[in-house]
Amino acid sequence: MEFKKMGKMTLGCIAAALSCSAFAVTATPGSLTVATGSAQTVQIANVSGSVSVFSSKSGIATVSMTDATHYRITGTKAGSVVLEFKDSKTSAKVNVTVTTAPSASLNGRLLASNCFQCHGTNGTGGFERLAGKSASEIYGDLKEFASGQEDANGIMAAHAMGFSDDQLRSIASYFSSIR
Ligand code: HEC
């Protein structure tokens, strides 16, 4: 991997008949980890001409230029992607790993575990399967139960009434994320 990259740069420099160290575009850091919804900055240097950014996979991270030498990398979906910054002569790669924002997913699962005894672990069985339903459908059902409209003395009313609106949204979004 490292060897291949060096080889490529050397070739680029021979083709351009220029000194490598001064004219090969660089990107710092060469690898980074970012959570979904958060951003990190990559600095590029030694640019000849204009820079184009290529992505090995779409939908994982978005890239936007903040000024001539800085790019903002924002995580969109968990996964990994290689970004390539190419100028007229050379290119530099940045390995980006996007992780799920930890607090949101942990909190959702912890709250949702109150439902596992009847709806199965992760909502995959029991009375009513919850896993994979849309968040808005689950949330809507829960609000109905919580309001007492559905069956004020039923099992689900008692459960839904015990959570705040934010917690119900978090629970619904957790179950909807399970496949
Ligand atoms: C003690 C058992 C029990 C627990 C715990 C429980 N449920 Fe239920 N749930 C049921 C039963 C039984 C039904 C179906 C009967 C009804 O509608 O009241 C149901 C129905 C539902 C429905 C409606 C499904 C549909 O398709 O109509 C949703 C949504 C739901 N539960 C979500 C939850 C969530 C989220 C939790 C955790 C906060 C939870 N339940 C905890 C027993 C339980």
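A residue is termed buried if 20 or more other C-beta atoms lie within 10 Å of its own, exposed if 12 or fewer do, and partly exposed in between, with C-beta atoms placed from the backbone. The model is predicted: local features need pLDDT of at least 70, side-chain atom pairs count only at pLDDT 80 or more, and totals for chains, interfaces and linings use all residues. Numbering starts from 1 along each chain as its sequence is written.

The protein has 179 residues, of which 20% count as buried. Its secondary structure comes to 7 helices and 8 strands. These are DSSP runs numbered from the N terminus, with helices (H or I) of at least four residues and strands (E) of at least two. Two residues are in contact if their C-beta atoms, placed from the backbone, lie within 7 Å. Among contacts with a separation of 6 or more, 56% join residues 24 or more positions apart.

Nonpolar cores were then examined. Such a core is a set of buried Ala, Val, Leu, Ile, Met, Phe, Trp, Tyr and Cys residues joined through C-beta atoms within 7 Å. The largest has 16 residues, and Ala 27, Val 42, Ile 44, Ala 61, Phe 85 and Val 96 have the most contacts inside it. Strands E3 (39-45), E6 (70-75), E7 (79-86) and E8 (91-99) each give two or more residues to this core. The largest share, 4 residues, comes from E8. Apart from this core lies another, of 13 residues, including Cys 115, Tyr 139, Leu 142 and Ile 171.

Neighbours within four places in sequence aside, Ile 44 is in contact with Val 25, Thr 26, Ala 27, Val 51, Thr 69, Tyr 71, Phe 85 and Ala 92. Gln 43 also lies in strand E3. Gln 43 counts as exposed because 12 C-beta neighbours lie inside 10 Å. Residues up to four places away in sequence again excluded, Gln 43 touches Thr 28, Thr 69 and His 70. Gln 43 and Ala 68 are 25 residues apart along the chain, with 9.3 Å between their C-alpha atoms.

The peptide bond from Thr 28 to Pro 29 is cis, with omega near -5 degrees. Pro 29 sits in the loop between strand E1 (26-28) and strand E2 (31-35). Asn 46 occupies the loop between E3 and strand E4 (52-55). Its phi is positive, near 55 degrees, in a residue other than glycine. Asn 46 is partly exposed because it has 17 C-beta neighbours inside 10 Å.

Helix H5 (residues 135-147) has 13 residues, and at 1.5 Å a residue it should span 18 Å; its end C-alpha atoms are 18 Å apart, which agrees. The expected span is 1.5 Å times one less than the number of residues. The buried residues of H5 are Ile 138, Tyr 139, Leu 142 and Phe 145. They cover an arc of only 125 degrees around the axis, so they fall on the same side of H5. The arc is taken from the directions from the helix axis to the C-beta atoms. Exposed Ser 136 and Ser 147 are on the face turned away from the buried side. The buried residues pack against helix H6 (155-161) and helix H7 (165-177). Gly 148 follows H5 and has a positive phi, near 85 degrees.

Helix H7 also has 13 residues and reaches 19 Å from its first C-alpha to its last, close to the expected 18 Å. Its buried residues are Leu 168, Ser 170, Ile 171, Ala 172, Tyr 174, Phe 175 and Ser 176.

The loop between H4 and H5 contains Gly 126. Gly 126 is partly exposed, with 14 other C-beta atoms within 10 Å. Beyond four places in sequence, Gly 126 touches Cys 118, His 119 and Gly 120. Asn 122 lies in the loop between H4 and H5. The phi of Asn 122 is positive, near 65 degrees.

The ligand is surrounded by 17 residues, the closest being Cys 115, Cys 118, Phe 127, Glu 128 and Asp 141. The shell divides into 9 nonpolar, 5 polar and 3 charged residues. Here Ala, Val, Leu, Ile, Met, Phe, Trp, Tyr, Cys and Pro count as nonpolar, Asp, Glu, Lys and Arg as charged, and the others, Gly among them, as polar.

How values were computed. Near = placed C-beta within 6 Å.
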